[in-house]
Amino acid sequence: MPECLFCKIVEGKVPSQKVTETESVLLIPKRHVAESAADLGPEHAALLAELFALASRIARDERLERGWRLVTNVGDDAGQSVYHLHVHLLGGRPMGWPPG
């Protein structure tokens with residue numbers, strides 16, 4: 001996807017500060033596999049497991065033992081602005097429910 005911001009970050013065309021990464025993910029898949037969670041199917045199970053495991057590792061490294069949240073936005077009304085599957089790792093403060 002030549003105009004995708006996250007694809008450009010993965011390719012090194014847009015600078016970013018990477019906290020950590022694996023061969024396949026940085027809290028975004030390194031391959032443009034889907035625009036959002038709405039496009040996922042069973043074939044993405046291993047990639048999602050790796051994404052969640054990396055999020056857990058980052059949360060531990062960042063000392064978020066009191067709690068953290070993973071968020072993925074789907075569509076404009078949910079606030080999605082980059083159409084490349086990704087999650088937001090939120091923590092370091094108490095969070096309310098319901099979100100939003």
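**A charged network and its surroundings**

Author: In this predicted model, Lys-30 is partly exposed, with a relative accessible area of 24%. Salt bridges that share partners bring Lys-30 together with Lys-18 and Glu-21 in one network. Within it, Lys-30 pairs with Glu-21, and the closest N and O atoms of that salt bridge lie 2.5 Å apart. Glu-21 also meets Lys-18, side chain to side chain, in a salt bridge with an N to O distance of 3.9 Å, a pair that counts because the cut-off for a salt bridge is 4 Å. Glu-21 itself has a relative accessibility of 33% and so counts as partly exposed, and Lys-18, at 41%, is likewise placed in the partly exposed class.

The structure as a whole holds 4 salt bridges, and one of them joins the side chains of Glu-3 and Lys-8 at 3.8 Å, N to O. Here the two partners fall into separate classes of exposure: Glu-3 is exposed, with a relative accessible area of 66%, whereas Lys-8 is partly exposed, with 24%.

Turning to the cysteines, a search of the whole structure finds 0 disulfides. Cys-4 is in no disulfide, and the cysteine sulfur nearest to it belongs to Cys-7, at a distance of 3.7 Å. The relation holds in the other direction too, since Cys-7 is in no disulfide and has the sulfur of Cys-4 as its nearest cysteine sulfur, again 3.7 Å away. The pair is left out because a disulfide needs two cysteine sulfur atoms within 2.5 Å. Both residues can also be placed by their accessibility: Cys-4 counts as buried at 9%, and Cys-7 counts as buried at 8%.

As for the open spaces, the largest pocket has a volume of about 390 Å³. Its lining is made up of 17 residues, of which Gln-17, Leu-26, Leu-27, Ile-28 and Val-87 are the closest to the centre of the pocket. Two elements of secondary structure, α1 (5–11) and β2 (88–91), each supply at least two residues of that lining. Sorted by class, the residues lining the largest pocket comprise 10 nonpolar, 5 polar and 2 charged.

The volume of the largest cavity is about 30 Å³, and the residues around it are Glu-35, Ser-36, Ala-37, Thr-72, Asn-73, Gln-80, His-84, Leu-85 and His-86. Its lining contains 2 nonpolar, 6 polar and 1 charged residues.

To return to the part you asked about, Glu-21 is the residue that takes part both in the salt bridge with Lys-30 and in the one with Lys-18.

Methods: Residues are numbered from 1 along each chain as its sequence is written. This is a predicted model: local features need pLDDT of at least 70, side-chain atom pairs count only at pLDDT 80 or more; totals for chains, interfaces and linings use all residues. Side-chain values use heavy atoms; hydrogens and water are left out. Buried means under 20% relative accessible area, exposed over 50%, partly exposed in between (1.4 Å probe, protein chains only). On a 1 Å grid over the protein atoms alone, a cavity is a set of points where a 1.4 Å probe fits but cannot get out, and a pocket is an open set with protein on both sides within 12 Å along at least five of seven lines; lining residues have an atom within 4 Å of a point. Grid points are joined across faces, edges and corners, and a volume is the space filled by probe spheres set on the points. Helices (H or I, at least four residues) and strands (E, at least two) are DSSP runs, numbered from the N terminus. Ala, Val, Leu, Ile, Met, Phe, Trp, Tyr, Cys and Pro count as nonpolar, Asp, Glu, Lys and Arg as charged, and the others, Gly among them, as polar.
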